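Here is a short briefing to read with the sequence and the model side by side.

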Amino acid sequence: VPHIIVEYSANLEEAVPIAALVADVHRAVLATGIFKLGAVRTRAARRDIFFIADGDPDNAFINVIARVASGRPLEKRRGLAEAIMAVIERETAALAASRGLALSIYVEEIDEDGALRKNNLHARMEQKVALGNAAE
Amino acid sequence: VPHIIVEYSANLEEAVPIAALVADVHRAVLATGIFKLGAVRTRAARRDIFFIADGDPDNAFINVIARVASGRPLEKRRGLAEAIMAVIERETAALAASRGLALSIYVEEIDEDGALRKNNLHARMEQKVALGNAAE
Amino acid sequence: VPHIIVEYSANLEEAVPIAALVADVHRAVLATGIFKLGAVRTRAARRDIFFIADGDPDNAFINVIARVASGRPLEKRRGLAEAIMAVIERETAALAASRGLALSIYVEEIDEDGALRKNNLHARMEQKVALGNAAE
């Protein structure tokens with residue numbers, strides 16, 4: 001954790017480079033310093049069929065769900081939401097000037113009771129750092 | 001908010017016009033009168049790989065998640081669920097007579113603590129109304 | 001219920017037969033004996049755009065969300081998580097030896113207050129059993 005899901009209406013693709021935006025969201029989440037490098041998983045979910053507000057096909061949305069382990073203080077969760085919003089607001093600013101656009105972010109706490117994880121990325125990230133140091 | 005996600009097994013596409021169904025769900029949500037026009041975002045999520053019950057490839061499902069701001073009375077949330085169910089049940093009735101079909105709707109309240117939104121649609125919807133009135 | 005969603009990074013498709021893995025998850029959920037046959041709906045959600053940890057394009061993830069009716073004892077929910085993990089861990093073991101891989105499972109309880117369901121699969125499953133018995 002965290003799991004970051006960037007859901008978007010497909011009509012944004014003509015105006016916004018989505019993969020770059022998702023990469024920037026990923027970097028912004030890492031830059032908060034709240035999470036370990038090996039824990040962050042960011043992905044996009046494209047929606048091809050959508051109806052927003054009055055149904056104008058130019059209306060668009062980005063909706064980000066960030067699922068984090070429970071127990072972090074509220075200020076950290078709000079800081080995460082703000083870091084993500086800063087990215088998506090900046091990268092859609094030109095579009096928002098001329099089209100309907102709804103941006104939203106929800107940071108949700110995971111119920112750890114029913115959670116199970118197996119993740120080799122923590123060990124691999126440490127190994128890459130060690131290899132990098134050894135090469136210096 | 002609300003965020004309405006209509007998830008469906010891809011084998012419904014041969015029998016049900018999905019985009020029309022999703023549009024009808026969107027209209028039904030608006031017609032409840034619970035939400036502002038600029039707030040409603042309805043989209044579909046198609047599932048290409050699925051196994052339902054005994055795995056018969058004709059078995060199908062529609063699962064709607066409606067995420068609403070927290071604090072609304074239960075009767076409003078149940079009214080929303082019933083309005084959506086009325087649409088998807090009616091538009092799949094012919095199919096349900098001959099195939100396995102599971103319909104479900106879950107209205108969920110959003111944790112507002114971790115929520116952030118930027119939405120220009122409210123202002124745009126009011127502007128369109130004003131323009132429409134001016135044109136009359 | 002349950003609703004089982006197997007979300008995965010698209011770069012797994014070259015290494016893991018995803019449809020077979022999802023079918024095996026479905027069978028494992030049924031084999032727990034916790035749920036009725038007609039209630040289980042398992043599907044995959046493919047993610048084409050993703051950034052994991054240091055962003056190495058070989059890094060991969062599988063994230064399973066199992067949504068169950070609320071009120072089951074914790075040991076059943078954990079048993080479900082373990083049954084699913086056993087499948088996805090076994091079927092990705094070769095890959096985990098050489099690539100970054102994050103596996104996760106979250107069993108979540110549904111808020112029944114806002115839930116509505118119409119499901120003809122229970123009746124159909126009983127009918128199939130009856131037909132099978134009659135044919136013997």
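A polar contact is a pair of N or O atoms within 3.5 Å; within protein, one atom must be able to donate a hydrogen and the other to accept it, and residues adjacent in sequence count only if both atoms are side-chain atoms. By that rule, 20 residue pairs (both at pLDDT 80 or more) are in polar contact across the interface of chain B and chain A. This is a predicted model, in which local features need pLDDT of at least 70 and side-chain atom pairs count only at pLDDT 80 or more, while totals for chains, interfaces and linings use all residues. Residues are numbered from 1 along each chain as its sequence is written, chains are lettered from A and ligands numbered from 1 in the order in which they are written, and side-chain values use heavy atoms, with hydrogens and water left out.

**The fold of chain A**

- Chain A has four helices and six strands, where helices (H or I, at least four residues) and strands (E, at least two) are DSSP runs numbered from the N terminus.
- Reading from the N terminus, the order of elements in chain A is β-α-β-β-β-α-α-β-β-α.
- The C-alpha trace of chain A spans about 55 × 40 × 25 Å along its principal axes.

**How the copies are related**

**Where chain B meets chain A**

- Here 34 residues of chain B are in contact with 32 residues of chain A, contact meaning heavy atoms within 4.5 Å.
- The size of an interface is often given as the accessible area lost when the parts come together.
- About 2700 Å² is buried between chain B and chain A, and carbon and sulfur atoms give 52% of that area. Buried area is the accessible area (1.4 Å probe) that two parts lose on being put together, summed over both.
- On the chain B side, Arg43(B), Leu116(B) and Lys118(B) lose the most area to chain A, together 24% of what that side buries.
- Six salt bridges are counted between chain B and chain A, a salt bridge being a side-chain nitrogen of Lys or Arg within 4 Å of a carboxyl oxygen of Asp or Glu.
- One of the salt bridges joins Asp56(A) to Lys128(B), with the closest N and O atoms 3.3 Å apart.
- The elements giving two or more residues to this side of chain B are β1 (3-9), α1 (18-31), β2 (41-47), β6 (115-119) and α4 (121-135). Of these, α1(B) gives the most, with six residues.
- Strand β3 (residues 50-52) of chain A pairs with β2(B) in the antiparallel sense over three bridges, and two strands pair if DSSP finds at least two bridges between them.
- Within that pairing, Phe50(A) stands opposite Arg43(B).

**Where chain C meets chain A**

- This contact takes 32 residues from chain C and 34 residues from chain A.
- The area buried between chain C and chain A is about 2700 Å², with 52% from carbon and sulfur atoms.
- Six salt bridges are found between chain C and chain A. Among them, Arg43(A) bonds to Glu7(C), with the closest N and O atoms 2.6 Å apart.- Each supplying at least two residues to this side of chain C are β3 (50-52), β4 (60-69), α2 (74-91) and β5 (101-110). The most come from β5(C), with eight residues.
- Strand β2 (residues 41-47) of chain A runs antiparallel to β3(C), joined by three bridges, and Arg43(A) stands opposite Phe50(C) there.

**Salt bridges across the whole structure**

- How many salt bridges does a search of the whole structure find over all chains? The search finds 42.
- Within chain B, the side chains of Arg77(B) and Glu109(B) meet in a salt bridge (3.6 Å, N to O). This pair links distant parts of the chain, with Arg77(B) in helix α2 (residues 74-91) and Glu109(B) in strand β5 (residues 101-110), 32 residues apart.
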